[in-house]
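Hi,

Here is the structure I promised to pass on. Have a look at it first, and then read my notes below.

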Amino acid sequence: MKNKYKILLFMFALLIPPIIRNEYYVRIVNIFYMYSVVALSINLIVGFCGQLDMGRAAFMGLGAYCSAILTVKMGLPFIAAFLISGAFSGLIGAVLGFLCRKSAFDYLTLVTIGFNAICQIVFLNWIPVTGGVMGISRVPQPNIFGFHFDTNTRFYYLALFFLAASFIAMHRICNSRMGRAFEAIRDDSIAAEYSGINVQLYKILNFAIGSVFTGLTGALFVHYTQYASPFNYTLDESIYQLQMAILGGLGSLAGSLVGTFILVVLPEISRSFYEYRLLFVGILMVVMMLYFPNGLLGKEGVGERLIAVRLGMLGGKNSRKDSGG
Amino acid sequence: MFLQHLINGLSIGSVYALITIGYNMVYGILELLNFAHGDVYALGCFVVLGLVTAGIHPIIAILGGVVSGYILNILVERFAYRSVRFSGRVTPTISAVGVAYIMRNAILKIWGPETYPMKLGFRGTQLHLGGIVVGTLQIYIFIAAISFMVIISLFLKKTKIGQGIIAISQSIPTAALLGVPVNRTISIVYGIGGALGVIGGILFCAYYDTIFVGIGFALGTLKAWMAAIIGGVGSLKGAVIGAIMLGLIESMVAGYVSTLYKDALVWLILITFILIRPQGFFPSQIAEKI
Amino acid sequence: MKKIIFAICISILLAGASACYAADTVKFLVVGPMTGDSAGQGFQMKTGTQIAVDEINASGGIGGKKVEFEVADDVGTPNQATIIAQKYSLDKDLLFVLGHNNSSCSIAALPIWQKAGLPVISPSNTSASITRLGYGNYFRVITNDDIMSKQLCEFAIKKLGMKKPALIWENSDYGKGMRDVSAAAIPELGVEVVAEDSFISGVDRDYSAIITKYKGLGVDGVLFLGDYTGGGLFAKQAKNLGLNVQLAGSSSCSHPKLIEIGGDATENFYVVAPFDPFDTRPRQAKFIDNFLNAAKERPGEWGADAYDIVYLVKLAYERGGTDRESLIKALHEIELFEGVTGNFKFDEFGDVDKDSLMLVVKDQKFTRYEE
């Protein structure tokens, strides 16, 4: 039943470019698809495993630079560079996860922020490799076995495929033993430990898997924009990406797509919204945390509340908040 | 030149210390990663700028800024943190990030990203001691940091509110059972944190004679957080020593290693430190007391 | 400030209202950072453009057609620049693009602008490499850092007599470009660079470690390649720490705020400038006056160059550059354009070779250095 809808949705997505036929809109949708995967990976780390990672843009940057360097400077074909970048980013993620496997919550957040800062400085200053402030321009467009994804519309199908594949993969992961282990760690890592879950190993795995997806997205993105610049991978960018996952719902994969859609598409529709987007993001973060801590589509989200209202069950909803005394 | 680098590091460190004291107090007591601390006091400092530009005497303007910092932080606590106080770690932290964004963008909308000269009339002079230069303002800032540390320690030890704060840092339910007015006390902690932040921020601005939006997050929250982790979360002594160590590290790395990779190296040192000694040099003094 | 916002609102309204008369207007796009860290520069671009457009419209427009423009915000980030480029490259009414402000944004967006055949004229990209990327539609009316840095270095070594110079540069596309040229040019003048340091604009506000190091090395002159805030602070901290050396700065130090922030420590601070914000020649003075009225600040290179670009296109348009393709051709064919920022023509890469001025702070005011 549910899968039928998903397939219908996918079929509809296939038809989007011929329907809208506007290169600009197609570009926005492409960017929305790619950011969706980043939001999914953030969701995997923050939403499912409860590790507040604020440095996702660094991994996007690692993937992007890795792929740009492999194709531009070493002449590797796109698909090889793309896959290597994912593996590279995942490896760095695993190393970072290994270092932080015992770290408490705040330290992990600080380490990810620090890692983001370090990556940006390295991108900016390791000139022989990263091109410094000028970055790497003229990154080739994706080319898979002779087929060039050189227009927005062609790229659309690549991005759609990438999103669908990532979504399915994430879905599988989250509904496996591993996914349940992540959730157990998020809810109570001590209890998880006693239930026989190797908490440290799963934390590392979680970081590594999330980083593979972030890195792959970064690589795809750089082949789309054809330019790797250190100014694209800042802390502000990380927090904006984090917000995409939060808005839709931590712990809800479909929610990540909704959150990303709102934060990528709305600013393009309204210029005044664009100007105030960061203020809006701030207000949203607070409001979401106060009223929908698990996001619009997550637990206690809009859907469940509507049902609750309909069934007249909303009473006592706020009891949790008053326990502060 | 080594001595001069040492003095430079101490001066930067004592500026950081002033900010870290307020930050670490809230951090230690409520274990909330207060991302908004810097941006809240930055708004307070901009209020001072606004008042000074409007022609009000600097002392009154600073008082106005301190009061606005106090009120702002109480409001923030009341509306953004109180109801998520018991919702785990992720939820309140994200709420705090949200508050930081609201404050920062409010500043950006009103004052923009430019740097303004901050004319407060604190005129420091330079003392030349055998080739080494020490600014009198730097000495005052150092003294201010130490005295704030002492005053707040005394406040926590000797007053009823202070004892209530310490009780809350140990266990909120127990404190409530013992008759500590939890919400009011936490409000006061935030208020003091905000007021201290503005004082620190103003001295920061006076030290560089300028004010810009970056004093909030990049130079405020982040540095205070780093210093708190080096010194020990929740420890006032740790806050001061951690901040001074951070200042020394920055100054030595910039002076002897590389300015290009300065921030990266400072972060690397900090990350290594976290991995080796996560509890900091002075593990929480407040939590262990009584 | 209010006035200019009002003027912009009106112009946007007018732009909306007159969209249906597209054929009777000359329309272009101003793109730059309107929000974010470098919003001040975007504001300058917008204001300079507005003044030029108002003047032209008041005196009959370009070839009898009214001029109008839209403003787009690239936030100064390359990714956003590509989105803006995609959006506006679909607008068939646009004749040309005035922007971007950041070199990295231009590099990111140029492939898309080129596909649409739109001429892109930047008021402030200084990175030398852009014009060598081979995009035929790109022009800039500011001298690239290659020329400007060489001029600064020559002046510093030959005229100011620096023997042991140090370079301090802002870690951005702007500062880095200047640094690369300077680090190569100074040894050619027979002097070694004693020390090199970088800082991050908008974050690093403490230069005491660098200054202390320079004191130890016996540096006798500092070339400051970065923004005016950093320049002012550096001058002030150097004076406080007793580093009494000759200071010279790059073009983005040529802003009155340098003096406001640095105070009397900036006395004798030399800067290379594409535009003199205190120019007294009648045409420049009139522009500066109008700018002051509209923006409550003096024009820097961004405002003045944007102003020149509008007039430059007017000239090219009247010489047959009425569509995108012929405009590119006409721009290349202009043999001499006389603007408020100087006289220039484009070379085959779209670069200009303008004479930059040297300004020096005397009695807390920028004055032109005369030999």
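**A glycine to start with**

B:G232 sits in the loop between α9 (217-231) and α10 (236-257) of chain B; helices here are DSSP runs of H or I with at least four residues, strands are runs of E with at least two, and both are numbered from the N terminus. Before I go on: this is a predicted model, so local features need pLDDT of at least 70 and side-chain atom pairs count only at pLDDT 80 or more, while totals for chains, interfaces and linings use all residues. Residues are numbered from 1 along each chain as its sequence is written, chains are lettered from A and ligands numbered from 1 in the order in which they are written, and side-chain values use heavy atoms, with hydrogens and water left out.

Back to B:G232: its relative accessibility is 0%, so it counts as buried (buried is under 20% relative accessible area, exposed is over 50%, partly exposed is in between, with a 1.4 Å probe and protein chains only). Not counting residues up to four places away in sequence, B:G232 touches B:N24, B:Q279, B:G280, B:F281 and B:F282, where contact means heavy atoms within 4.5 Å. B:V67 is 165 residues from B:G232 along the chain, and their C-alpha atoms are separated by 28 Å.

Most residues other than glycine have a negative phi, and most peptide bonds are trans. Here are some exceptions. A:F145 is not a glycine, yet has a positive phi of about 45°. You'll find A:F145 in the loop between β2 (143-144) and β3 (147-148) of chain A, and at 78% relative accessibility it counts as exposed. B:D209, also not a glycine, has a positive phi of about 60°. B:D209 is in the loop between α8 (182-208) and β4 (210-211) of chain B and is partly exposed, at 21% relative accessibility.

Then there is a cis peptide bond, from C:G99 to C:H100, with omega near -10°. C:H100 belongs to the loop between β3 (94-98) and α4 of chain C. C:H100 also turns up among the contacts of C:S106, together with C:N125, C:I130 and C:Y138, once neighbours within four places in sequence are left aside. C:S106 itself is in helix α4 (residues 103-115) of chain C and is buried, with 1% relative accessibility.

**Chain A: helices and cysteines**

Chain A has 16 helices and four strands, and 57% of its 325 residues are buried. Of the contacts in chain A between residues at least 6 apart in sequence, 77% join residues at least 24 apart.

How do α2(A) and α11(A) pack, and at what angle? Helix α2 (residues 23-48) and helix α11 (residues 235-248) of chain A pack at about 80°, with axes 8 Å apart; the axes are lines fitted to C-alpha atoms, for helices over the stretch in contact, and angles run from 0 to 180 degrees between N-to-C directions. That makes α2(A) and α11(A) roughly perpendicular (65 to 115 degrees; under 35 is roughly parallel, over 145 roughly antiparallel, and the rest oblique). On the α2(A) side the contact has A:Y35, A:V38, A:A39, A:I42, A:N43 and A:V46, and these meet A:E237, A:Q241, A:L242, A:M244 and A:A245 in α11(A).

The axes of helix α7 (residues 152-174) and helix α12 (residues 253-269) of chain A come within 10 Å and cross at roughly 140°. In this pair A:L163, A:F167, A:M170, A:H171 and A:C174 of α7(A) meet A:L253, A:A254 and A:L257 of α12(A).

A:C174 is buried too, at 6% relative accessibility. For A:C66 the nearest cysteine sulfur is that of A:C119, 12 Å away, and A:C66 is buried, with a relative accessible area of 13%.

**Where chains A and B meet**

In the contact between these chains, 44 residues of chain B meet 42 residues of chain A. The two chains bury about 3700 Å² between them, 76% of it on carbon and sulfur atoms; buried area is the accessible area (1.4 Å probe) that two parts lose on being put together, summed over both. B:I94, B:Y101 and B:W267 supply 18% of the area that chain B buries against chain A, more than any other three residues.

Cheers

Note on methods:
Disulfide = S-S within 2.5 Å.
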